[in-house]
Structures are given as structure tokens and as C-alpha cells.
Amino acid sequence: MTLTRRSFLTAAGLGVAALGSAASCTSPTTANPGKLTLWYTSGGLADSVVADAEKRFGELYPSQVSGQLKQRLLAALAGEAYLPDITMLGDDIASYFADTAHFTDLRSLGADALKGQYLPWKWQAGTSPDGFRLGFPIDIGPAALYYRHDLFAQAGFPSEPDDVAAAVPTWDAYFDFGRRLQEKLPGRHLITDTKTVYTYSMAQEPEKYFTRDNAYLGDAPQVRRAWDRALTAFRAGLTAGYAGSQDPGSSVERHAAWNSGKELSFVNASWIVGELKKSAPGTAGKWRVCRAPGGAGNQGGSFLAITKYCPRPDRAFEVVRWLLAPENQPRSYLEAGLFPTSPAAFTDPRLLAPEPFFGGQATMSVLGQAAREVKPAYFSPWDIAISDTYTDELTNVELAGKDPGQAWDDARRSVERLLARQGVL
């Protein structure tokens, strides 16, 4: 669920009146008085880095939250009880921009002095339209094309990363490449599903659904372009139609396709690497990575924020900046797959070492370049819900045979109803 100021607290099952009590309370209760409580999700931070931080900062109390961290955080903010001092926020950070009064502006703690150490577009994503520095960047998800080197070569097609990237610079070129490859290797697919095409097409766009001052762009050309591109791939028979493919581990069928070679390639973010290695260990050495068709894009990523209830924000910021320091990011990537937000980490020798699973390729050389090339874009509080609306309808077309024209109209109407309920339209 995507939240606005109106729904921020009600989403946690509490009334809007809680805002008033939150504003008037002078002694909010932290989760562990005398400690600096850190909330994060499983895999949201590297265990070894957190353990080292706990030793370095004796008052740090890390707490790995089970279940939905966001819902627990919203409830804590509304009730002003058992609040974290530092909390992880997801890629829906914009849903908190209307309620920054609950957080500390990291500019007041000196964050701007560190700005140059991080990717500009990621740094911008943690800043509200009015300049409030809410989030400090943890990780990102640069996109790339993952493909079966052995099967491309078997079919007599380009198979080395630079050659494949040159052959598929655009989505249209990729579709044509796929049609010809399928003639050589029938029964295989080069694209996971229509949702993937739409999602990563939009990830490559410098403008999404709203302007930075939250003006809805309506029937924007980039949205129609991503929609039509997804349908083109489907009509050409290039998509496999694995429902839920954006959630790692959600599709047993897809994992089987990785192992059997039925899925020849796919576009996805850096975080899919761990799932690929875990689910298809027998294919080690057969995969390669290259630039995604259509260019650089990002999917996912998270932040750390400091709540306004923290009694020692300066000390909390010391924790945050140490956890996410450029020198700690290579460890976080190797241990937990958290792709660095600091370009300095891209040249760390540990991340440029040959990777046996990818045939000795150093995938950081591809993913790091993609991360640098991502176009800055504004993500509104409603983007995730809007995107899900469009991709749900594309799935209806792909898996249920729904008429594409009807699906488009239904998606548009659903988005308008959503925004009307949120008071945006």
C-alpha cells in the first residue's frame, strides 16, 4: 500500500487523531532507553558489518524486525511507544515525505558533507521535494541482461558480453534477436514476462508518473511506451509468463527454467544474482551479464533514517555513516548482495575478482557502469501502487487472455480511482 499524509497513520490501523498526540507528547518512549535501537529487515544489512558496529558503538542495539517493518514502524510512530532511533526505509521512501516531522533532517547532522561519496541519483531519491534529507542510502538494484552464454554460442549467436550488448542496444533489437534465436532453439524464452518488460522499461525513464512537485502526468508517453513494449514482447511469443517473477524465489517454474535452459536470458536487477546462484547451481559457469537493452535502470534499494524521537541524533548519525561508509560497502555486497551506493566500492579489487558462476566474468564491471548511468528520476508516494496496477493488467493479458485494449482502459481507470481516493486528483 502506498501512503499519503491522510493515510499514513490509518494504514497502521490507527486514527488520524494519533497525529495530534504525537505532536503534543514531550517524552516519547524509545524501544530501548539508554540504547540506540536500529530496526532493519533480514538481509537489509550485512550481519558482519552490523556485528562490528555493535562492538564499535557500545550503545547500539540492532533489532532485525520479522514480518513487515513498515507496518510496525507506522504503528510505533502513531502510538509513540517502542520507537526505533534508527530505522530502515524501503524504496517507497517517498511515502514518508508528507510526514517528515517524525524524522530528523540529516542535513542538520552534517550529511551534505558526505554527498559526494554516493551516487547523485540515489542521494536525491532520499530527499523530499522540499529538500528534507530523510534517508541515507544503503543499496541499489542496477539492471542488466543475464543470459546463457553456452546456449547463445550453441545457436551461433553472439555470446561474449560486449558482443551481446552491441547486438541488443534497444528493446526492439532485443526482440528481433530473440525471434531469431528462438528459431534456432525452439521452446525457449528470452523474457521472463510482460511485467519485467514494463518494469524495466519504466526504470530506464527519467520521468515516471509525477513531477517533483507531485503533479500527475496522466497519460504520459513513457507509460504508454512501456505498456506497448511489453505487449510487443508477448505477441512475439518471447515471454515465458512466470507470474510473480519480480519476487525472488516466488516461482518454482522459473527456477526449473533456469536449470533446464528454457529461460535463455532475462533482464533484472543486481539482487537476482543470489537467487540465480542458489536456485540453479548446476548452471555455474554458463551465465554471463551485459548491459540491458534500452540502457541503464534501477529497481529497488533502501535507506536508513533517524527518527525525531532519538535522544542522541548526533551519535545515531555516527552509526549510520559508519554502517554505510564506502569502505564497508564491498563487504555488504559480498555477504548480503547489497549493491553499493558509493562508486568508490565499484573499483574494490574484491568486487572485480573473476566470478566462477559467470564463467570468470567480473560482473561488477557491468553493474557498476549501469549504476553510474542511471538517470535521476522522481518517485512519488504513489508510484509503486500505480506500477502494480499496470503490471497486474498486463499479467491479465498474458496469463488470462484479457483484451489488451480493455486492460489498458481498466488500468487507467484504476489508477485514477486510486489517486482520487488519495486526494491527488
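1. Which residues have the most contacts inside the largest nonpolar core? In this predicted model, they are Tyr-198, Leu-323, Ile-386 and Tyr-390, within a core of 101 residues. Ile-386, leaving aside residues up to four places away in sequence, touches Tyr-209, Phe-210, Tyr-216, Val-415, Leu-418 and Leu-419. In soluble globular proteins, nonpolar side chains tend to be buried together.

2. Glu-393 deserves a separate comment. This residue is found in helix 15, which covers residues 383-400, and Glu-393 counts as buried because its relative accessible area is 10%, under the 20% cut-off. Not counting residues up to four places away in sequence, Glu-393 touches Trp-227, Lys-402, Ala-407, Asp-410 and Ala-411.

3. On the cysteines, Cys-290 is buried, at 1% relative accessibility, and Cys-310 is buried too, with a relative accessible area of 6%. The count of disulfides comes to zero, judged by whether cysteine sulfur atoms lie within 2.5 Å.

4. As for the overall fold, the protein has 16 helices and seven strands, and its C-alpha trace spans about 70 × 50 × 35 Å along the principal axes. The radius of gyration is 22 Å, which agrees with the value near 22 Å for a compact globule with 425 residues. Of these 425 residues, 57% count as buried, and among contacts with a separation of 6 or more, 75% are between residues 24 or more positions apart. The protein exposes about 16700 Å², of which carbon and sulfur atoms supply 50%.

Terms used. Residues are numbered from 1 along each chain as its sequence is written. This is a predicted model: local features need pLDDT of at least 70, side-chain atom pairs count only at pLDDT 80 or more; totals for chains, interfaces and linings use all residues. Side-chain values use heavy atoms; hydrogens and water are left out. A nonpolar core is a set of buried Ala, Val, Leu, Ile, Met, Phe, Trp, Tyr and Cys residues joined through side-chain atoms within 4.5 Å. Buried means under 20% relative accessible area, exposed over 50%, partly exposed in between (1.4 Å probe, protein chains only). Contact means heavy atoms within 4.5 Å. Helices (H or I, at least four residues) and strands (E, at least two) are DSSP runs, numbered from the N terminus. The radius of gyration is taken over C-alpha atoms; the globule rule is 2.2 Å times the number of residues to the power 0.38. Accessible areas come from the Shrake-Rupley method with a 1.4 Å probe; for residues, only the protein chains shown count as cover.
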